[in-house]
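Here's a quick tour of a fold, told through its sheet, its helices and its rings. Have a look at the picture first, then read on.

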Amino acid sequence: MRKLINSTYLTLDGVIENPMWTGPYFDEEAMSLAGAQTDEADAMLMGRATYDGMSAAWPTMDENDPTTGAAYFNNVKKYVASTTLTDPTWNNTEVIQGDLVEAVTALKAQAGRNIIQYGFGSVTAQLIRAGLVDEVRFWIHPVLEGATNLTAPLTDFKASFDLVDTRVHKSGVIIASYRPKTTA
């Protein structure tokens with residue numbers, strides 16, 4: 001069975017939106033781990049807000065430059081959970097219609113490598129509740145943005161996790177990886 005890995009960049013104050021603040025911290029160390037993460041994934045899952053941001057940015061990047069990651073993001077199979085998106089324009093994108101949990105359960109049962117998910121919002125919360133997220137990786141950046149933070153849209157969501165790995169980069173970025181605890 002495929003694993004669903006959530007990878008989310010955030011600031012010290014929990015901001016995940018428009019992660020332009022990651023640029024100064026995306027050094028060789030971060031690039032290596034991000035590359036390994038995408039090498040292990042042959043599909044990407046996202047909610048509508050993440051899709052809107054990524055589909056506006058990635059197609060404008062040079063796919064011939066291996067340091068951008070554009071070749072991967074523009075060509076990997078993408079699944080978007082949305083009740084309003086009907087005609088996605090980003091290459092190789094399919095909209096998940098109907099029951100999200102049922103659709104992701106079916107995706108995980110297919111042959112293939114991991115499914116990577118970026119961003120952390122209502123889609124991730126639903127999938128954690130359903131026991132479908134195998135690991136959450138928070139890339140904590142040493143910056144404060146003072147904008148809407150991670151917890152704002154998830155006021156009714158609670159979950160516990162077990163720490164499975166930590167990596168501290170020279171840049172100050174800490175990657176904390178967690179596995180959701182199963183409830184009995």
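## Ground rules

Two strands count as paired if DSSP finds at least two bridges between them. Helices (H or I, at least four residues) and strands (E, at least two) are DSSP runs, numbered from the N terminus.

This is a predicted model, where local features need pLDDT of at least 70, side-chain atom pairs count only at pLDDT 80 or more, and totals for chains, interfaces and linings use all residues. Residues are numbered from 1 along each chain as its sequence is written, and side-chain values use heavy atoms, with hydrogens and water left out.

## The sheet

Eight strands make up an open sheet with mixed pairing, in the order S4-S3-S2-S5-S1-S6-S8-S7. At the edges sit S4 (93–96) and S7 (161–168), each pairing on one side only. From one strand to the next, the twist averages 25 degrees; angles here run from 0 to 180 degrees between N-to-C directions, with axes fitted to C-alpha atoms (for helices, over the stretch in contact).

S2 (residues 41–47) and S5 (residues 114–118) run parallel, joined by four bridges, and Leu45 stands opposite Gln117 in S5. S7 and S8, on the other hand, pair in the antiparallel sense over seven bridges. They form a hairpin with five residues between them, and Gly172 in the turn has a positive phi of about 105 degrees. Asp162 stands opposite Arg179 in S8.

## Helices

H2 (residues 48–57) lies across S2, S3 (77–81), S4 and S5, at about 115 degrees to S2; contact means heavy atoms within 4.5 Å.

How do H4 and H5 cross? The axes of H4 (residues 100–109) and H5 (residues 122–129) come within 10 Å and cross at roughly 70 degrees. That makes H4 roughly perpendicular to H5 (65 to 115 degrees). Leu100, Val101 and Val104 in H4 meet Val123, Gln126 and Leu127 in H5.

## Rings

There are eight aromatic pairs in the structure, a pair being Phe, Tyr or Trp rings (six-membered ring for Trp) with centres within 6.5 Å. Tyr9 and Trp139 have ring centres 5.0 Å apart and planes at 65 degrees, so they're edge-to-face (over 60 degrees). Tyr9 is in S1 and Trp139 in S6, 130 residues apart. Both are buried (under 20% relative accessible area, 1.4 Å probe, protein chains only).

Phe161 and Tyr178 are edge-to-face too, at 6.2 Å centre to centre and 65 degrees between the planes. Phe161 lies in S7 and Tyr178 in S8, so this pair ties together parts that are 17 residues apart in sequence.

Conventions: Parallel < 35°, antiparallel > 145°, perpendicular 65-115°, else oblique. Phe/Tyr/Trp six-rings, centres within 6.5 Å; stacked < 30°, edge-to-face > 60°. Buried < 20%, exposed > 50% of the residue type's maximum accessible area, 1.4 Å probe, protein only.
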